[in-house]
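Please consult the sequence and the structure shown below.

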Amino acid sequence: MRELNMIRTGYSTLMTLLFLAVLAGCAALPEKHLGIDGSSDQRWSREKANEWYDQLPWLVGVNFLPSTAINQLEMWQESSFDPETIDRELGWAADFGVNTVRVYLHDLAWEADSEGFLERIDTFLSIADKHGIKPNFVFFDDCWNPTAEIGEQPAPIPGVHNSGWVQSPVASVKDQPENWGRLETYVTGVVSRFANDDRILYWDVYNEPGNTGREEKSLPLLQKAFAWVRAGNPSQPVTAGIWNWSEGFELLNAYQKMHSDIITFHQYNDLAAMERSIHEMQGMGRPVICTEWMARTNNSLVESHLPLLKQEKVGAINWGLVSGKSNTIFPWGSEPGSPEPELWFHDLLHRDGSPYKQSEIDIFKTLTEDNPTY
């Protein structure tokens with residue numbers, strides 16, 4: 001989904017030693033926690049995580065935003081919450097084998113109307129359950145626009161990929177721990193409400209920490225996010241996905257691996273890159289789910305990647321279902337006014353439910369035809 005910002009930063013001697021300690025800990029004490037927040041005390045054992053995964057069908061899904069919403073706020077605000085579109089589009093997804101969706105929440109939706117927000121999450125879960133779909137929810141996100149406000153959301157900029165997507169929390173709050181009390185209330189409030197709800201598959205605490213040039217500046221909030229989710233004592237597993245293997249992300253990646261019950265990752269490149277990522281993630285000895293993939297112009301394709309993911313028993317959650325206000329059929333960095341690309345970047349369906357490529361939908365159907373239900 002993201003245009004990666006590969007800003008390189010130097011490390012002090014202390015940070016270098018800390019990183020080496022993290023790596024040593026990963027090798028010597030793979031089930032122990034490295035950090036100060038205590039969130040790993042509740043981390044699932046490998047045995048528990050694998051037992052959970054073994055009871056599930058092969059997980060096949062999409063990152064879901066209804067086509068009528070430009071971002072998380074437009075999806076969840078009372079004035080624009082659209083259960084009719086959600087019902088229709090999740091029905092289309094279920095028809096070709098989707099059994100999970102990854103869905104982004106937003107702290108401002110909670111702050112504006114916490115009880116109404118919880119009720120709308122419950123409505124969403126009921127709709128998904130009707131279609132045999134178990135969502136997973138994302139709390140925080142470092143991607144795209146750094147500011148956000150409750151209320152009417154901006155119209156899409158024609159031709160621009162994700163012109164309205166917003167970070168959560170807004171960028172200014174991420175470096176103000178004195179203002180994180182409301183974030184803790186948001187996370188613990190949502191988790192405690194749904195901690196024992198079997199309609200939820202798992203919790204994804206933070207999407208792409210360190211994106212938009214933040215790198216390790218996102219580590220403190222990531223640590224707190226894990227601790228806040230754990231404080232709700234959820235019955236569902238907890239994770240945060242690896243997404244960037246570049247210099248500057250070593251500590252983030254190590255922390256995410258060491259604190260996740262199940263291992264999740266993003267991979268938008270070709271088949272060889274996907275194979276490398278899968279094998280690295282499988283080395284943790286825990287269930288593995290790819291929570292973002294499919295970027296056609298990057299050679300991340302349904303035809304090549306989905307069969308591999310099934311073969312490796314790796315969950316497959318591609319980016320996008322229906323082409324809509326998010327403009328994710330356009331590639332990262334697309335210019336305003338760009339014409340509709342002949343080769344879509346993300347998304348599987350037109351707004352009327354017809355496939356962008358029938359052959360892709362046929363592959364989904366073929367690979368899921370023997371998939372059991374939950």
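F96 and F364 are both buried, a term for under 20% relative accessible area, with exposed meaning over 50% and partly exposed in between (1.4 Å probe, protein chains only). The model is predicted, with local features requiring pLDDT of at least 70 and side-chain atom pairs pLDDT 80 or more, while totals for chains, interfaces and linings use all residues. Residues are numbered from 1 along each chain as its sequence is written, and side-chain values use heavy atoms, without hydrogens and water.

The structure holds 24 aromatic pairs. Rings of Phe, Tyr and Trp (its six-membered ring) pair if their centres lie within 6.5 Å; planes under 30 degrees apart count as stacked, over 60 as edge-to-face and the rest as tilted. Two of the pairs are tabulated here.

| Pair | Centre distance | Plane angle | Class |
|---|---|---|---|
| F96 and F364 | 5.3 Å | 70° | edge-to-face |
| F137 and W203 | 6.2 Å | 35° | tilted |

F137 belongs to strand β3 (residues 134-141) and W203 to strand β4 (residues 203-207), so this pair ties together parts 66 residues apart in sequence. Helices (H or I, at least four residues) and strands (E, at least two) are DSSP runs, numbered from the N terminus. Both F137 and W203 are buried.

Helix α6 (residues 114-130) and helix α8 (residues 181-194) have axes that come within 11 Å and cross at roughly 45°. Axes are lines fitted to C-alpha atoms, for helices over the stretch in contact, with angles from 0 to 180 degrees between N-to-C directions.
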